[in-house]
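Please walk through this structure, from the overall fold down to one pair of strands.

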Amino acid sequence: MSEREMSERVIITGGSGRLGRSVVAGFTEAGHDVISLDQSMPEDPAEGVTYRSIDLLDAAATRALFEELKPSAVVSLAAIAVPFSAPEEVILRTNAGIAHSVTAAAVASGAKKVIIASSPSIMGYGSPAGWVPPRLPLDEEVTPQPWHAYGLSKYVAEQVAAMFAQQTEDVKFISFRPCYVIAPEEWAGAPTQQGHTIAERLDDPALSAVALFNYVDARDVTDFLLTALANIDRVQNGAVFFVGAKDAMARRPLAELVPEHFPALAHLAEGLTGDSPAFSISKAKEVLGWEPTRSWRTELAGEPGVRAD
C-alpha cells in the first residue's frame, strides 16, 4: 500500500492560513479525512473538508472537540505567524499556549501521530546582540538561540512535543521548522508574508537576508508532512527537522551575499557556493526520504530558470 493509500483522520490546526490552505488541499488530495480547525473559516472552503471554528487557547474546549472528532493524527500549524506582529507577551502566551493545548488534546483523544510546526527563526539570526553560529549551513544539531518572543514560542513548541514524547510510548511526535513559506499564488505576484513580492526579494537581497535567504514552497512542506506522517515510525520520538528549498532565495551565491550582509559570518559562508542554502535539509532526506521539488528558478513567472554559477 502506498503512502497516499493509507488514509488517516487528520486534524490540521491553522488550516485557513497561508501554509494551512496548501496542507489541507494536499492532505485531502492524498485521500486523508481532513478536519481543519481555525478561528476563521476560509473564503473558498475545499470540498470534502470538515471545517470547525475554535479558540485553541481554550484548553477545555479544545480537548472536548478533539475527543469528539477522534483523530488518528494531528498537524499543528496554528499560531501568530509573524515576529513582532503583536505584543511580545501576546505572541509568547498565544503560541506556547496553543502548542500545549493542541498536543495535550491530541494525546487525550487517542491520536497516535502529532506533528508540530516550529520555525527556523528559533536559531537566532538577526539578534541585536550579534549572532555567530558554529557553522553554516545550519542543521538540527546547532543549538537554537531565540532572541524574540516568536522564536522563543516556537522553541517552546518543540519542547512541548519533546515533553509529551517523554510521557508516552504510544504516540509519535515530530517538530518541523518550515523556512519562509511561499504560497502558490505568490509565484504569480501576490504579496508574500512581509508584504513584498518574490521578485522584490530577489531584486533586493536585503529583504531575504533577514532570514538568511531561506524559503520553501508550501506544497513542498505539504509533501514533507505527508511523507512524515506515513514514515513516522522511522523517526526518533520528538525529532526535529528543517524543511526548506534546496537552494537559496538569491540570484548570487551566499558565499558572496552573507559576508556583505553579515560580516561576522564571512568565514562560515565560504562553502555556500552556487545556489547552496544556509539551512541543511539533509536530515529529512536521510531519515524520511523527503526532498523538495520546487524552486524559485522553476516556479517564478518570468524567470529564465538559470542557476547561479
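This is a predicted model: local features need pLDDT of at least 70, side-chain atom pairs count only at pLDDT 80 or more; totals for chains, interfaces and linings use all residues.

Residues are numbered from 1 along each chain as its sequence is written, and side-chain values use heavy atoms, with hydrogens and water left out.

The chain holds 10 helices and 9 strands (DSSP runs numbered from the N terminus: H or I of at least four residues for helices, E of at least two for strands). Its radius of gyration is 19 Å, which agrees with the value near 19 Å for a compact globule of 309 residues (taken over C-alpha atoms; the rule is 2.2 Å times the number of residues to the power 0.38). Along the principal axes, the C-alpha atoms fill a box of roughly 55 × 40 × 35 Å.

Of the 309 residues, 54% are buried (under 20% relative accessible area, with a 1.4 Å probe and protein chains only). Contacts mean heavy atoms within 4.5 Å. Among those between residues at least 6 apart in sequence, 73% join residues at least 24 apart.

Now take strand β1, residues 9-13. Here 4 of the 5 residues are buried, so β1 is largely enclosed by the rest of the structure. Which strand does β1 pair with in the parallel sense? The partner is β2, residues 33-38, joined over 5 bridges (pairing needs at least two bridges found by DSSP). Within this pair, I11 stands opposite I35 of β2.

Technical notes:
Buried means under 20% relative accessible area, exposed over 50%, partly exposed in between (1.4 Å probe, protein chains only).
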